[in-house]
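Subject: Model handover

Hello,

Here is the structure I promised to pass on. Please load it first, then read the notes below.

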Amino acid sequence: WFNASEVHALLTMQELLKGLDPGILAPHVDPMRARLNALLESRESTVDEIAKRIRIVRMAARTMKLEFFELAATATLKRHRLHIAFWTRHSNQTTERVVSPQRLVFYRGNWYLDAWCHLRNGIRSFALDGIRAARLESDKAKNVPEADLDDFLASSYGIFAGKPKGWAKLRFS
């Protein structure tokens, strides 16, 4: 038997791979899926039995166009700028931006692009499903120090995203 952390890691990898659409990554993803299944079945339980007993429920996962994931991944890995038309949920507006991709982040069932935004002159996080149009630029991406990215990442994801806006005092009686 695997220990609990090994099962968790294998199932998480399997779930991430299941969430990827077929396309440019398919030739690489399919062998990984087969290997994960083989690892999971190498013990006393089959993959089907494990799937019946352990579930990963994806909440609030949004759909995105595979072409934008491919462009974002290409720009990130090849270190090129990306021109995007980005729709913002809270303002219901679309803006044209040139960004220097730094990393792709899979968070709570959705893909995000952390990038240097040349329009706002700072690090921003873009939900890939908010990208309405994109094209790869020939200009090299601006590099942001890893420490700055980690600082930004720590304050950008989760329930307390962003910089603190104030303090609240709670009084219980």
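**What I found**

In the protein chain, 58% of the contacts between residues at least 6 apart in sequence join residues at least 24 apart. Contact means heavy atoms within 4.5 Å.

Some ground rules. This is a predicted model, in which local features need pLDDT of at least 70, side-chain atom pairs count only at pLDDT 80 or more, and totals for chains, interfaces and linings use all residues. Residues are numbered from 1 along each chain as its sequence is written, and side-chain values use heavy atoms, with hydrogens and water left out.

**Overall make-up**

The protein chain has 5 helices and 5 strands. Both are DSSP runs numbered from the N terminus: helices are H or I with at least four residues, strands are E with at least two. From the N terminus on, the order is α-α-α-α-β-β-β-β-β-α. Of the 173 residues, 33% are buried. Buried means under 20% relative accessible area, exposed means over 50%, and partly exposed lies in between (1.4 Å probe, protein chains only). The chain exposes about 11,900 Å², and carbon and sulfur atoms supply 56% of that. Accessible areas come from the Shrake-Rupley method with a 1.4 Å probe; for residues, only the protein chains shown count as cover.

**The sheet**

The 5 strands form an open sheet, ordered S4-S3-S2-S1-S5, with antiparallel pairing. Strands S4 (122-127) and S5 (131-140) stand at the edges; each has a single partner strand, so one side of each is left without a neighbour in the sheet. On average, neighbouring strands are turned by 45 degrees against each other, direction ignored. Two strands pair if DSSP finds at least two bridges between them. Axes are lines fitted to C-alpha atoms, for helices over the stretch in contact, and angles run from 0 to 180 degrees between N-to-C directions.

The pairings, one by one:

- S1 (residues 80-88) and S2 are antiparallel and joined by 7 bridges. Ala 85 has Glu 96 in S2 as its bridge partner.
- S2 and S3 are antiparallel, with 8 bridges. Pro 101 stands opposite Ala 115 in S3. The two strands form a hairpin with 2 residues between them, and Arg 108 in the turn has a positive phi of about 50 degrees.
- S3 and S4 pair in the antiparallel sense over 6 bridges. Trp 116 has Ile 123 in S4 as its bridge partner. This hairpin has 4 residues between its strands.

S3 is largely enclosed by the rest of the structure, because 7 of its 8 residues are buried.

**The helix on the sheet**

Helix H5 (residues 146-156) buries Leu 149, Phe 152, Ser 155 and Ser 156. Seen down the axis of H5, these fall within an arc of 135 degrees, so they line one face of the helix. The arc is that of the directions from the helix axis to the C-beta atoms. S2, S3 and S4 are among what covers the buried residues of H5. On the other side of H5, Glu 146, Ala 147, Asp 151 and Ala 154 are exposed.

**Residues to look at**

Gln 102 sits in strand S2 (residues 93-107). With 13% relative accessibility, Gln 102 counts as buried. Its side chain reaches the backbone oxygen of Ser 100 at 2.9 Å. Setting aside neighbours within four places in sequence, Gln 102 has contacts that include Arg 79, Asp 114, Trp 116, Lys 142 and Leu 149.

Arg 79 lies in the loop between helix H4 (66-78) and S1. Arg 79 has a positive phi of about 65 degrees although it is not a glycine. Its relative accessible area is 22%, so Arg 79 is partly exposed.

Asn 121 lies in the loop between S3 and S4. Asn 121 is not a glycine either, yet has a positive phi of about 55 degrees. At 57% relative accessibility, Asn 121 counts as exposed.

Ala 133 is in strand S5. Ala 133 is partly exposed, at 36% relative accessible area. Ala 133 and Phe 86 are 47 residues apart in sequence and 7.4 Å apart in space, C-alpha to C-alpha. Leaving aside neighbours within four places in sequence, Ala 133 is in contact with Phe 68, His 83, Ile 84 and Ala 85.

Best regards

How values were computed: Polar contact = N/O pair within 3.5 Å; in protein donor to acceptor, adjacent residues only side chain to side chain.
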